[in-house]
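Here are some notes for a colleague opening this entry for the first time. Please read them with the structure in view.

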Amino acid sequence: MTSPAPIDRRRALKTLFCSSALLSLNLREGAGTLRAAEGDSLDLLLIGDFGTSGADQRKVAQAMRDYCQTAQITPHGLLLLGDNFYSAAKDGFSTESVRWKNTFEDVYPAEAFPGPCWAVLGNHDYHDNPGGEKVQLAYAQRPGTRWKMPAKWYRFDLGPEGKPLATVIALDSNLPSISGGKDKKSGKPRGSLTEAEAAEQLAWFKAQLGSQRAPFTIVMAHHPVYSNGDHGDTRTLVKEWGPLLQEHKVHAYLCGHDHDLQHLELEGQHTSYVLSGGGGAKTRKLEGDRKMPYGKDIHGFTHLRIEREALVFTHLDASAEPVHRFTKRLDGSFELA
Ligand SMILES: [Fe+2]
């Protein structure tokens, strides 16, 4: 594991100013498809493992706002990488629960983050509030909401209609072998995808990979395929999803679950693995010893700029300082900043 020198702030800002085109979002929601925007680049912020309603979540959220203000960007959307709600809601978890205000709406207010907030489900979203996954799906149906979860798995293309920049495939990684079984303490069954849902999702995932896609393809889900973090690799995903990512030349796999920030590159693989799990839950030390461009157990978030020929990822800490940056190219190559 290496820690790169801090990124020159002026250089970082210059890069951001150069392509800070103000783009209008023009969302069209169809059967699992969302399309957005006109223009040459898009700015998204990524967070995972954030839904505590606690001080660390608010600190990271403030850092996201500070960063956007300093860099003079209005993010076009947020990618929410799961564990969106930790712990049982005291008022019962429903679309009316105060948790929506305390954990989402007020922490990431629309004035700072006006764009769609595309979310996937984490293990805590199934387990801490039984049936919570249905509530999150229902909240997405409220008129005018920024909360986007049209299904447990879905796809959206970003960029101008007819000439998108990136295809994003959002998956539910709570396969029965990963999130199912019984709770260790209570002995009660834990929520997860059913076997039938997992099979349906896998077939759908393959179909999306086999269909027409934008020049860049990004897959997002909660559990890592590969990770040097506390949980380590997710063996089922290494077996089931890993070969598909490689075969179909997916450019980046975005996830959380481990409470840290990581960037992994594996020898000969087309896919960059980006873990952004520092959104608010207590950080955990990294345990893996795989060589990696970056990994640190800190709170923070990730800025993804999508350009016509580059994906630029920047991990930032809870003080909005950039800690790691790399650029991913169409041919799968990458450069560290
Ligand atoms: Fe998790």
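1. Helix α2 is followed by Gln 72, a residue with a positive phi, near 55 degrees. This is a predicted model, and the points below should be read accordingly.

2. Helix α2 covers residues 55-71.

3. Which residues of α2 are buried? They are Gln 57, Val 60, Ala 61, Met 64, Tyr 67 and Ala 71. Because they cover an arc of only 120 degrees around the axis, they lie on the same side of α2. Ala 55 and Gln 69 are exposed, on the face of the helix turned away from that buried side.

4. The model contains an open sheet of eight strands with mixed pairing, in the order β6-β5-β4-β3-β14-β15-β16-β17. At its edges are β6 (147-148) and β17 (334-336), each of which pairs on one side only. Helix α2 packs on this sheet, where it touches β3, β14 (300-307) and β15 (310-317). The direction of α2 makes about 35 degrees with that of β14.

5. Within the sheet, β3 (residues 41-47) and β4 (residues 77-80) pair in the parallel sense, over four bridges. One point to look up in the view is Leu 44, whose bridge partner in β4 is Gly 77.

6. Strand β11 spans residues 261-265. Four of its five residues are buried, so the strand is largely enclosed by the rest of the structure. β11 runs antiparallel to β12 (residues 272-276), with five bridges joining the two. β11 is also joined to β13 (residues 294-296) by three bridges, again in the antiparallel sense.

7. Gln 262 stands opposite Leu 275 in β12, and its bridge partner in β13 is Gly 295.

8. What do β11 and β12 form? They make a hairpin, with six residues between the two strands. In the turn, Gly 268 has a positive phi of about 80 degrees.

9. The largest nonpolar core has 73 residues. Those with the most contacts inside this core are Met 220, Tyr 253 and Leu 254. Leaving aside residues up to four places away in sequence, Leu 254 touches Leu 46, Leu 79, Leu 81, Ile 218, Met 220, Val 274 and Ser 276.

Notes:
Residues are numbered from 1 along each chain as its sequence is written. This is a predicted model: local features need pLDDT of at least 70, side-chain atom pairs count only at pLDDT 80 or more; totals for chains, interfaces and linings use all residues. The expected span of a helix is 1.5 Å times one less than its number of residues. A residue is buried if 20 or more other C-beta atoms lie within 10 Å of its own, exposed if 12 or fewer, and partly exposed in between; C-beta atoms are placed from the backbone. The arc is that of the directions from the helix axis to the C-beta atoms. Two strands pair if DSSP finds at least two bridges between them. Two residues are in contact if their C-beta atoms, placed from the backbone, lie within 7 Å. Axes are lines fitted to C-alpha atoms, for helices over the stretch in contact, and angles run from 0 to 180 degrees between N-to-C directions. A nonpolar core is a set of buried Ala, Val, Leu, Ile, Met, Phe, Trp, Tyr and Cys residues joined through C-beta atoms within 7 Å.
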